[in-house]
Amino acid sequence: KNVHIVISGIKGSLRTAIMHWIIALGATYDESMLRGKTTHLICREQGNNEIKHDKAVEWKLKIVTVEWIFHISQYGYDGKNGAEGQGCENNFPVIGKK
């Protein structure tokens, strides 16, 4: 899959671990969101970085929690019960302050 992931609102060793995990799964970690390139935004909660979140919504990116990366590492991109090629992002929505 051509998956480009940006992380928002997660710092320190957890952020570093997620970055390494992304790369190990064969996806690409990007420091900044780029229209037409970024496919996913991983964040803790919706209100954490409203600028990134709002742009991700505008650009129709898949916005997920960190649990998504753990799930796909165990079950693959389509998840435990997902349809092939459809992904399982909808199972890991970001819920927040908005």
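Modeller: Val64 is buried, at a relative accessible area of 0%. Buried means under 20% relative accessible area, exposed over 50%, and partly exposed in between (1.4 Å probe, protein chains only). This is a predicted model, in which local features need pLDDT of at least 70, side-chain atom pairs count only at pLDDT 80 or more, and totals for chains, interfaces and linings use all residues. Residues are numbered from 1 along each chain as its sequence is written, and side-chain values use heavy atoms, with hydrogens and water left out.

Val64 belongs to strand β4 (residues 62-64). Strands (E, at least two residues) and helices (H or I, at least four) are DSSP runs, numbered from the N terminus. Neighbours within four places in sequence aside, Val64 is in contact with Leu41, Ile42, Cys43, Glu89, Phe92 and Val94. Contact means heavy atoms within 4.5 Å. Take Phe92: 28 residues separate Val64 from Phe92 in sequence, yet their C-alpha atoms are 5.4 Å apart.

Now the loop between α2 (50-58) and β4. Lys60 is found there. Lys60 is exposed, with a relative accessible area of 72%. Its phi is near 60°, a positive value in a residue other than glycine. Most residues other than glycine have a negative phi.
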